[in-house]
Amino acid sequence: MLSDTYGRVATDLRVSLTDRCNLRCAYCMPAEGLDWLPKPQLLTDDEVVRLIGIGVERLGIREVRFTGGEPLLRRGLTGIVARTAALRPRPELSLTTNGIGLARTAGALREAGLDRVNVSLDTLQPDTFQQLARRDRLADVLGGMAAAAAAGLVPVKVNSVLMRGVNDTEARDLLRFCLDHGYELRFIEQMPLDAQHGWRRANMVSAQEIIEGLEQEFMLTPEGPGIRGSAPAETFVVNGGPARVGVIGSVTRPFCGACDRVRLTADGQIRNCLFARDESDLRDALRAGASDEDLAGRWRRAVAAKLPGHGINDPTFLQPDRPMSAIGG
Ligand code: SAM
């Protein structure tokens, strides 16, 4: 098991398959992009699958979520999904994506064994999309979501980040859209993980504001902690159900005490927290010939050292060196 000294057990593995992205969302990346990791530093498909296998077969990982960067940019994605789906006990498999390219790949991913997708969608307005993501790709994202639903990658979950003065008036529109299409919407508070270090607490649209805004049009009934478990989203039944909406208050309503996540970066580093400042390298050990048991031991030690909380609200908080796109959201 991957347990830490605060009694938490990590069973949910987020695997970043690339740090590259084809969007430049303002809360994540600068307009000019970033210096991408050189290819030799990236885990190969075989290396990724071997590490996931160790997590699943030796360390109690039950859920694997592929992310990035943009995971649909990873050429070997379908093969990685298929090989992960063949592991026993078979983990639950999901993918977080911006949806661009999903229209083309959803069927093959479903066939390979992917269970569901989370698609990021922050606005329904093409102009706002262009302003926020710095690319004119809204139609591709919407097409990708529809294709995912048609392929059975359900429930399609939608992640939205609201930025003040950009898309913060769209919360109700986004919920209406998701209700109409049978998608499950979750708002995520903007976190200090952007490469430009532009995050300001005063500018963040808080979970409370989001909920109050939604309540102007919808009746929200909290589902309560029993339903939430270790999930980051506080969920609400909308207008009596069955539809639900989630709000992830990472900054103002931290849920670190129930966290069951651990991350593997595209270059083979274990991160025990999104906000960790330390990483544990598995790639070099793997390439130097380490056994599965040795790698599992390194991984166990990395998780054992997990801090009790992310510390964003401490005066001494320091943003991690890597931005969200290089960690894997
Ligand atoms: N490219 C994929 C996508 O767009 O979903 C996966 C990677 S992306 C980093 C994963 C999620 O992180 C997205 O839903 C994105 O909106 C979210 N995200 C990125 N930067 C963030 C930030 N500073 N605060 C909150 N969420 C952020």
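Predicted model: local features only at pLDDT ≥ 70, side-chain atom pairs only at ≥ 80, totals over all residues.
1. Setting aside neighbours within four places in sequence, Phe 66 is in contact with Val 15, Leu 17, Ile 52, Pro 71, Ile 80, Val 81, Thr 84, Leu 93, Ser 94, Leu 95 and Thr 96.

2. The largest nonpolar core holds 98 residues, and Phe 66 and Trp 299 are the ones with the most contacts inside it. Helix H1, which covers residues 45–59, gives the most to this core, contributing seven residues.

3. Next, have a look at Ala 290, which sits in the loop between helix H9 (283–287) and helix H10 (292–304). Is Ala 290 buried or exposed? Its relative accessibility is 12%, under the 20% limit, so Ala 290 counts as buried.

4. What does Ala 290 touch, if residues up to four places away in sequence are not counted? Its partners are Arg 50, Ala 285 and Leu 295. For a sense of distance, Ala 290 and Asn 22 lie 35 Å apart in space, C-alpha to C-alpha, with a separation of 268 residues in sequence.

5. Finally, a word on the second largest pocket, whose volume is about 420 Å³. Its lining is made up of 15 residues, and those nearest the centre of the pocket are Lys 39, Leu 42, Leu 73, Arg 74 and Arg 75. Sorted by class, the lining of this pocket has six charged, six nonpolar and three polar residues.

Methods
Residues numbered from 1 in each chain as written. Heavy atoms only, no water. 1 Å grid on protein atoms, 1.4 Å probe; cavity = no way out; pocket = protein on both sides within 12 Å on 5 of 7 lines; lining within 4 Å. Points joined across faces, edges and corners; volume = space filled by probe spheres on them. Nonpolar A, V, L, I, M, F, W, Y, C, P; charged D, E, K, R; others polar. Helix = DSSP H or I, 4+ residues; strand = E, 2+ residues; numbered from the N terminus. Buried < 20%, exposed > 50% of the residue type's maximum accessible area, 1.4 Å probe, protein only. Contact = heavy atoms within 4.5 Å. Core = buried A, V, L, I, M, F, W, Y, C linked by side-chain atoms within 4.5 Å.
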